[in-house]
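Trainee: I have a new structure open and would like to walk through it with you. Where shall we begin?

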2 protein chains.
Amino acid sequence: MKLTSKGRYAVMALADLAKFDNINPVSLRDISLRQGISLDYLEQIFSKLRKKEIVQSVRGTQGGYVLNKKAKEIKLTNIFDAVDEKVKTVQCKKESKKGCNGKSTKCLTHNLWDELENHINNFFEEKSLEDLVKSSNERRI
Amino acid sequence: MKLTSKGRYAVMALADLAKFDNINPVSLRDISLRQGISLDYLEQIFSKLRKKEIVQSVRGTQGGYVLNKKAKEIKLTNIFDAVDEKVKTVQCKKESKKGCNGKSTKCLTHNLWDELENHINNFFEEKSLEDLVKSSNERRI
DNA sequence: ATAAACCTGACTAAAATAGTCAAGTATATA
DNA sequence: TATATACTTGACTATTTTAGTCAGGTTTAT
Ligand code: FES
Ligand code: FES
C-alpha cells in the first residue's frame, strides 16, 4: 500500500497555494518551480481540481489559480477525491467463485478492509488544508 | 493509495490457517482451493512468512503450514511487514533540490504523511489474527 | 519407491504510474 | 492591437509495479 505522486503533488501544490493570500492568483509555473513538480503534470492535476471546484482559475497574464473555498473547508478527502486518489481496500472480485467475491459470502477479511478504509478516511476527513499550513508554519518558528 | 494482492492474500491465507487447529498442518493446496488463490503465488508468500517466523513448515506427505505463534500474538503489522507490503507515505526524494527532499528542509506535507503513516500503523498494530477469525465467526452465527 | 507437499529463482504479461508533447484558447497589459 | 503569459485539453509513452506463471528442485510419510 502506498500513496501515489498524484495525490501527494495535489496536496503539496494546494498547500503552497494556501500559503499565499488567496486574492492574488498563483501561477502553476511558480508552484512548479517552488515545489519541483513538472508543470505539465501540475496542469493535469489542477484541471481535475478545478472541475471539482476546489480551485478557481484566472486566465491571462498575471493569472493563475485561487482557492475556491476557505482553507479550513477544504479537507484532504476532497483533494484526494478530486484527483482520483482512492483508498481502495476491499477487493471483492465478482468473477471468482471461491474466496473473495463480495456476494452473499464475504471473504474472511472483507470486514477488516472495510474497517481500515473507514479508519483512513476518518483521518482524511478531519485534516484540512488549514491544518497543514498551520503545522508547517509552527515548524518554522 | 491501495492495497496490493500480496498483502491481501497473505492475510486471507493466514486467517484461513488460523481457523484450523494449529496442531494439524494445513497444506497450501487446500488454502489455494478454499480461497481461490494461485498455489504458486501462495508459495512465494509463505516463503516470506516462514522466514519471518510467522508460520512453520512441515515437509513431506501430510505436511503443510502451522502458525508459529498464537493467533492473538500475530498482528497485521507483522504480516504486512513479512510480505513487504509497506505503507510508504513519505516520499522525500534525495535527488530533488526543490520541494520534497527529506533533508534539513522538509516539504510542506512531510509532517502530514508521517502522521498518516502512524495512524495506519496503529490500526495494523492493534488488529490480530485472532480478531479477524472472531469477527468472521460472529458474522456466521 | 513414490506421491504429496514444501522450496527457490527466474521469467513475463498486463496494468498502473508519472510523466511528456503538441496544439490550442483566453486575457491583461504595453 | 500585438504579445506574452498562463490556463486547457487530449493523446501519447517510458518506466515501474503487480500478479502472477513456470521449471526444477528437495524433503519425508507411507
Ligand atoms: S474483500 Fe470483499 S469478499 Fe473479499
Ligand atoms: S515528504 Fe519528506 S520532504 Fe516531502
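Mentor: Let us start with a word we will need: helices (H or I, at least four residues) and strands (E, at least two) are DSSP runs, numbered from the N terminus. Keep in mind, too, that this is a predicted model.

Trainee: Now the two protein chains together. How much area do chain A and chain B bury between them?

Mentor: The size of an interface is often given as the accessible area lost when the parts come together. Here 45 residues of chain A and 45 residues of chain B take part in the contact. Carbon and sulfur atoms carry 64% of the area that chain A and chain B bury, and the total is about 4200 Å².

Trainee: Which residues of chain A lose the most area to chain B?

Mentor: Look at the chain A side of the contact, which has 45 residues. Three of its residues together make up 21% of what that side buries, and they are M1(A), R8(A) and L108(A).

Trainee: Which residue meets K127(B) in a salt bridge?

Mentor: The rule finds two salt bridges across the interface of chain A and chain B. In the one with K127(B), the side chains meet at 3.1 Å, N to O, and the partner is E115(A).

Trainee: Which element gives the largest share of the side of chain A that touches chain B?

Mentor: Five helices of chain A each supply at least two residues of that side: α1 (5–19), α2 (28–35), α4 (76–82), α5 (110–126) and α6 (129–140). By type, the residues of the side divide into 21 nonpolar, 10 polar and 14 charged. The largest share is nine residues, and it comes from α5(A).

Trainee: Let me zoom in on one residue, T89(B). Is T89(B) buried or exposed?

Mentor: T89(B) sits in the loop between α4 (76–82) and α5 (110–126) of chain B. Its contacts, leaving aside neighbours within four places in sequence, reach both chains and include L3(A), R8(A) and W113(B). The cut-off for buried is under 20% relative accessible area. Because T89(B) has 1% relative accessibility, T89(B) counts as buried.

Trainee: Which side chain makes a polar contact with the side chain of T89(B)?

Mentor: Among the residues in contact with T89(B) are D114(B), L116(B) and E117(B). The polar contact between side chains spans 2.5 Å, and the partner of T89(B) is E117(B).

Trainee: On to the DNA. Which element gives the largest share of the surface near DNA strand D?

Mentor: Both protein chains contribute here: α3 (39–51), β1 (55–58) and β2 (64–67) of chain A, and α1 (5–19) and α3 (39–51) of chain B, each supply at least two residues. The residues of this surface divide into six nonpolar, 15 polar and seven charged. Four residues form the largest share, and they come from α3(A).

Trainee: Last one: which element gives the largest share of the surface near DNA strand C?

Mentor: α1 and α3 of chain A, together with α3, β1 (55–58) and β2 (64–67) of chain B, each supply at least two residues of this surface. The largest share, four residues, comes from α3(B).

Methods:
Residues are numbered from 1 along each chain as its sequence is written. Chains are lettered from A and ligands numbered from 1 in the order in which they are written. This is a predicted model: local features need pLDDT of at least 70, side-chain atom pairs count only at pLDDT 80 or more; totals for chains, interfaces and linings use all residues. Side-chain values use heavy atoms; hydrogens and water are left out. Buried means under 20% relative accessible area, exposed over 50%, partly exposed in between (1.4 Å probe, protein chains only). A polar contact is a pair of N or O atoms within 3.5 Å; within protein, one must be able to donate a hydrogen and the other to accept it, and residues adjacent in sequence count only if both atoms are side-chain atoms. Contact means heavy atoms within 4.5 Å. Buried area is the accessible area (1.4 Å probe) that two parts lose on being put together, summed over both. A salt bridge is a side-chain nitrogen of Lys or Arg within 4 Å of a carboxyl oxygen of Asp or Glu. Ala, Val, Leu, Ile, Met, Phe, Trp, Tyr, Cys and Pro count as nonpolar, Asp, Glu, Lys and Arg as charged, and the others, Gly among them, as polar.
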